[in-house]
Amino acid sequence: MITHALLALALGAGDPLSTETVLVKDVPGPLAPDAASPSWDALPALEVAVGPQASVRLNDRKANAALDAARGPRAVKVRAATDGKSLAVVLDWADATEDRAAGETDQYGDSAALQFPERFGAGQRLPYVGMGDPEQPVALYLARAGKDGAALREAVAAGFGSTTRADLGEAKVAMRYKDGAWRAVFVRPLTAPAHDLAKGLVPFAIAVWDGARSERGGNKALSGWKVLRVERLPADAAYAGE
């Protein structure tokens, strides 16, 4: 849950690169989903802990055993930038194996997801972080590594099992595996008719899947809600005061 203290940090009453806030830096455009570009490394990074979503069980003994064997959270570094037209969110995380989805039914690709509330701001509570809820749906951007590159899926959800494909505004994604780690770059318009993110404070959550552990669907490592602080836009003081 986003608390008053969290939003106060995002507004600048403390370190803006706190444990809950990613500063969205202004950069020259146009932004492109280039996972090999070294320019992302110059952005300030927030290390976000993601933990197993142990409440989800699959009809797969191997996957459930891997979930039971998981110990402790994984770490994902999050960076973000905008050129005033597009928003880029960059995720970096360690993974011992490079797993790409193929034609086999038991081979799963490493994946990452970016989640935003469909509605947020003053007077709006945050959705349940695990795929939203009926009163507060979420918008999802899922990148999955395949043999021919990264595939992007855009969707909305209002709870477990409710994911529905949706057009959220011409998003693009790229993924790169190098030196035992993945980088996923999500780029979408800052303002889109179906989902407008042109606000100073934007709640978000992330998730990653390890194909070697047979993770897919709800069997994943998930963060709590964090905040993007878009420095070029004013923060909503009423939102921070709730």
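Here is a short chat about a predicted protein model.

Visitor: How many helices and strands does the protein have?

Guide: Let's start with the overall make-up of this predicted model. Counting along the protein gives 13 strands, and the helices come to three.

Visitor: What share of the residues in the protein is buried?

Guide: A residue goes down as buried when its relative accessible area is under 20%. The protein has 242 residues, and the buried part of them is 50%.

Visitor: Among contacts between residues at least 6 apart in sequence, what percentage join residues at least 24 apart?

Guide: A contact here means heavy atoms within 4.5 Å. Take the contacts between residues at least 6 apart in sequence, and the part joining residues at least 24 apart is 67%.

Visitor: Is strand β5 mostly covered or mostly open?

Guide: Look at residues 111–117, which make up β5. On one side sit Ser111, Ala113, Gln115 and Pro117, on the other Ala112, Leu114 and Phe116, and all are buried. With seven of its seven residues buried, β5 is mostly covered.

Visitor: Which residue is the bridge partner of Gln115 in β6?

Guide: β6 covers residues 138–146, and it pairs with β5 in the antiparallel sense over seven bridges. Follow the bridge from Gln115 into β6 and you land on Leu140.

Visitor: Which strands each supply at least two residues of the lining of the largest pocket?

Guide: This pocket holds about 550 Å³ of space. Its lining has 32 residues, and those nearest the centre are Leu142, Arg153, Trp209, Arg216 and Gly217. The strands that each give at least two lining residues are β5, β6, β7 and β11.

Visitor: How many residues of that largest pocket's lining are charged?

Guide: Sort the lining of the largest pocket by residue type and you get 16 nonpolar and nine polar residues. The charged ones number seven.

Visitor: What is the accessible surface of the protein?

Guide: Carbon and sulfur atoms account for 53% of the accessible surface. For the protein, that surface comes to about 11000 Å².

Terms used:
Residues are numbered from 1 along each chain as its sequence is written. This is a predicted model: local features need pLDDT of at least 70, side-chain atom pairs count only at pLDDT 80 or more; totals for chains, interfaces and linings use all residues. Side-chain values use heavy atoms; hydrogens and water are left out. Helices (H or I, at least four residues) and strands (E, at least two) are DSSP runs, numbered from the N terminus. Buried means under 20% relative accessible area, exposed over 50%, partly exposed in between (1.4 Å probe, protein chains only). Accessible areas come from the Shrake-Rupley method with a 1.4 Å probe; for residues, only the protein chains shown count as cover. Two strands pair if DSSP finds at least two bridges between them. On a 1 Å grid over the protein atoms alone, a cavity is a set of points where a 1.4 Å probe fits but cannot get out, and a pocket is an open set with protein on both sides within 12 Å along at least five of seven lines; lining residues have an atom within 4 Å of a point. Grid points are joined across faces, edges and corners, and a volume is the space filled by probe spheres set on the points. Ala, Val, Leu, Ile, Met, Phe, Trp, Tyr, Cys and Pro count as nonpolar, Asp, Glu, Lys and Arg as charged, and the others, Gly among them, as polar.
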